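Please open the structure in the viewer and follow the stops below in order.

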Amino acid sequence: MNRSRLAPGAGIVTAPGGRPVLRTSEGEFLRIDTGHVGPGELVDRLTEGEGQASSAELDRLVAAFEDAGHAVTEPRRPPLTGRTVHLLGDPVLTEPLARFAAAEGAEVQSASADDVAGLAGERDAAVVWCLDSPVPEGLWDEADRLPARHTAWLRCHREGAHTWTEPLASAPGDVTAAHVRLRRLAATAAHRELAAYWAGHRTPDTGPHPTEPAAALIAALLTADLIAWASGEPHRGSGLPARRRLRRIDLRDLTISEHPVLAVPEVAPLPAPTARTAP
């Protein structure tokens, strides 16, 4: 029989006066009413203590910890267990991402642009495409169709000194790369210039390319988005959810800014002009 243990991130603190207080994995402090149970008995029961004390009241107290998610009976299961991550793009970014995703339990596989269409419809799978350059016109068009068939789609690219990580899309109606482009064009007065930049009408790239720490940071952010997808994306704190979050990472000082972004609704085409007849 597995014994209950404190959940990862949770702990019991002895407050002034000897009263036990639970520090949750979220950082909240909750007073514990142990009733007739000694605080030491509870601590031993929920840690690696040697205490073998057991009583109906202690069992109820431990069950309350379990019901609230502050105690678990099973070892921690890596959050990406049972998920497949297909990686494409530049090794400077895909190599650390492969290590991080595998460490979280994912099955990591390499893929190519020709493979993307065949990955559509793979549930519990994500396609992640990382570029150390701007995105060539049309490169991500096929991958943008993945969420409509419930295959997750995550990507990042670099424009000059900034790397952008785009929202993870995993269901019909989610934010695609095309939506991000439309939103960014609508948000700037220099929309003609930005469109020309994306279309390749620019001087040769001069970097800066991600350093090892920068690449690790970007890979960690993408891994966090994959974990949010695998866990059903519980929304914690004040940050934006992964499916609505566009990040910009400044490669010069590794600062991060977040921007909310929504999908662009489809609109009906304008009606064809009708021929006018002379009176």
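**Helix pairs and salt bridges**

Helices H5 and H6 cross in a right-handed manner. The model is a predicted one. To view this crossing, select residues 177–187 for H5 and residues 191–198 for H6; their axes come within 8 Å and cross at roughly 145°. Next, display the side chains at the contact: Arg181, Arg184 and Leu185 of H5 meet His191, Leu194, Ala195 and Trp198 of H6. By class, these contact residues are four nonpolar, one polar and two charged.

Proceed to H1 (residues 39–46) and H2 (residues 56–67), which pack at an angle of about 55° with axes 11 Å apart. These two helices are therefore oblique to each other. Select Leu42, Arg45 and Leu46 in H1, which meet Leu58, Asp59, Leu61, Val62 and Phe65 in H2. This contact comprises six nonpolar, two charged and no polar residues.

Now turn to the salt bridges, of which the whole structure holds 13. Select Arg158 and Asp132, whose closest N and O atoms are 2.5 Å apart. Arg158 lies in strand E9 (residues 152–159), whereas Asp132 lies in the loop between E8 and E9, 26 residues apart. Both residues, Arg158 and Asp132, are buried. Asp205 is in the loop between H6 and H7, 47 residues apart from Arg158. With 44% relative accessibility, Asp205 counts as partly exposed.

Finally, select Arg244 and Asp174, a salt bridge with closest N and O atoms 3.9 Å apart. Arg244 is partly exposed at 27% relative accessibility, while Asp174 is buried at 3%.

Note on methods:
Residues are numbered from 1 along each chain as its sequence is written. This is a predicted model: local features need pLDDT of at least 70, side-chain atom pairs count only at pLDDT 80 or more; totals for chains, interfaces and linings use all residues. Side-chain values use heavy atoms; hydrogens and water are left out. Axes are lines fitted to C-alpha atoms, for helices over the stretch in contact, and angles run from 0 to 180 degrees between N-to-C directions. Helices (H or I, at least four residues) and strands (E, at least two) are DSSP runs, numbered from the N terminus. Angles under 35 degrees count as roughly parallel, over 145 as roughly antiparallel, 65 to 115 as roughly perpendicular and the rest as oblique. Contact means heavy atoms within 4.5 Å. Ala, Val, Leu, Ile, Met, Phe, Trp, Tyr, Cys and Pro count as nonpolar, Asp, Glu, Lys and Arg as charged, and the others, Gly among them, as polar. A crossing is left-handed if the near helix is turned anticlockwise from the far one by less than a right angle, and right-handed if clockwise. A salt bridge is a side-chain nitrogen of Lys or Arg within 4 Å of a carboxyl oxygen of Asp or Glu. Buried means under 20% relative accessible area, exposed over 50%, partly exposed in between (1.4 Å probe, protein chains only).
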